[in-house]
Amino acid sequence: MSISKKIVTIFENLPSGGAKELYKYNFEFIKHRTKIVKITELVHKPKNIFEYLYTCLFILPALHKRISVKIIRNTSVLLAYHSWLTKSPYILRYSSIPKIYICQEVMREYYDQLHIANQNMKERIINIIRTPIKIIDRNNLKSENLTVVANSYFSKKIIDKSYKVDSYVIYPGVNTKLFKINNKIKK
């Protein structure tokens with residue numbers, strides 16, 4: 001079956017930044033080649049740490065299960081980006097179709113030793129309270145039919161070590177409308 005006959009589901013819940021820009025460029029590329037089902041996690045922003053945990057532990061799993069049953073089962077592949085709430089989205093866990101997870105970074109507050117060493121007391125306490133999110137993030141990556149993609153060999157090393165996976169490196173493209181290549185050689 002050619003890609004033009006397949007339906008691709010794309011999941012994202014990204015804040016503004018480089019990952020969001022990569023998602024936008026990939027979406028624009030893919031939408032001209034196949035049918036897309038686009039899913040954006042529409043959950044209100046939690047007001048405090050306890051509402052955040054409740055959302056992550058109870059609301060999101062139920063929401064992603066429903067999405068998997070009603071939408072994703074009719075698609076050929078799931079292309080998933082981060083969820084700002086749980087890093088790796090629950091949708092990876094609940095869908096049985098082949099999945100590609102574009103992993104921009106790990107949860108630095110748990111895996112980056114320099115970041116951990118520089119946390120103040122308040123950040124350390126919050127990260128202890130948020131430990132269930134770390135577990136959710138790891139468990140979401142234990143899904144079958146999952147391919148994890150890193151954006152560099154540096155990221156791959158960190159992702160593979162942190163999540164115990166064997167990710168693939170695909171370098172993001174360059175927007176040639178914003179960045180011009182200067183081919184002139186200085187003498």
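This is a predicted model: local features need pLDDT of at least 70, side-chain atom pairs count only at pLDDT 80 or more; totals for chains, interfaces and linings use all residues.
A disulfide here is a pair of cysteine sulfur atoms within 2.5 Å. By that cut-off this structure holds 0 disulfides: Cys56 is in none, and the nearest cysteine sulfur to its own, in Cys103, is 17 Å away. Residues are numbered from 1 along each chain as its sequence is written, and side-chain values use heavy atoms, with hydrogens and water left out.

**Overall layout**

- The protein chain has 8 helices and 6 strands, where helices (H or I, at least four residues) and strands (E, at least two) are DSSP runs numbered from the N terminus.
- Reading from the N terminus, the order is β-α-β-α-β-α-β-α-α-α-α-β-α-β.
- Along its principal axes, the C-alpha trace spans about 55 × 50 × 30 Å.
- Contact means heavy atoms within 4.5 Å; of the contacts in the protein chain with a separation of 6 or more, 61% are between residues 24 or more positions apart.

**Surface and charge**

- Of the 187 residues in the protein chain, 44% count as buried, with buried meaning under 20% relative accessible area, exposed over 50%, and partly exposed in between (1.4 Å probe, protein chains only).
- The accessible surface comes to about 12,000 Å², and carbon and sulfur atoms own 60% of that; accessible areas come from the Shrake-Rupley method with a 1.4 Å probe, and for residues only the protein chains shown count as cover.
- There are 33 positive and 13 negative side chains, with the centres of the two sets 5 Å apart.
- For that tally, Lys and Arg count as positive and Asp and Glu as negative, while His and the chain ends are not counted; each charge is placed at NZ of Lys, CZ of Arg, CG of Asp or CD of Glu.

**Nonpolar cores**

- A nonpolar core is a set of buried Ala, Val, Leu, Ile, Met, Phe, Trp, Tyr and Cys residues joined through side-chain atoms within 4.5 Å.
- The largest one has 32 residues, and those with the most contacts inside it are Leu78, Tyr101, Val148, Ile159 and Tyr163.
- Elements giving two or more residues to this core are α2 (49-70), β3 (77-83), α3 (91-94), α4 (108-111), α7 (131-140), β5 (146-150) and α8 (153-163).
- The largest share of this core, 6 residues, comes from α2.
- A second, separate core has 14 residues, among them Leu14, Leu22, Tyr23 and Val149.
- Setting aside neighbours within four places in sequence, Tyr163 is in contact with Lys87, Cys103, Glu105, Val106, Met107, Tyr111, Asp137, Arg138 and Leu141.

- Cys56 is at 0% relative accessibility, so it counts as buried.
- Cys103 counts as buried too, because its relative accessibility is 1%.
- Cys103 is found in the loop between β4 (99-102) and α4.
- Beyond neighbours within four places in sequence, Cys103 is in contact with His82, Val148, Val149, Ala150, Ile159 and Tyr163.

**A buried arginine**

- Arg130 is found in the loop between α6 (121-129) and α7.
- Relative accessibility for Arg130 is 12%, so this arginine counts as buried.
- Leaving out neighbours within four places in sequence, Arg130 is in contact with Ile49, Tyr52, Leu53, Met107, Glu109 and Tyr110.

- Most residues other than glycine have a negative phi.
- Asn145 is not a glycine, yet has a positive phi of about 60 degrees.
- Asn145 is found in the loop between α7 and β5 and is partly exposed, with a relative accessible area of 47%.
- Lys164 also has a positive phi, of about 55 degrees, without being a glycine.
- Lys164 is in the loop between α8 and β6 (168-169), and is exposed at a relative accessible area of 66%.
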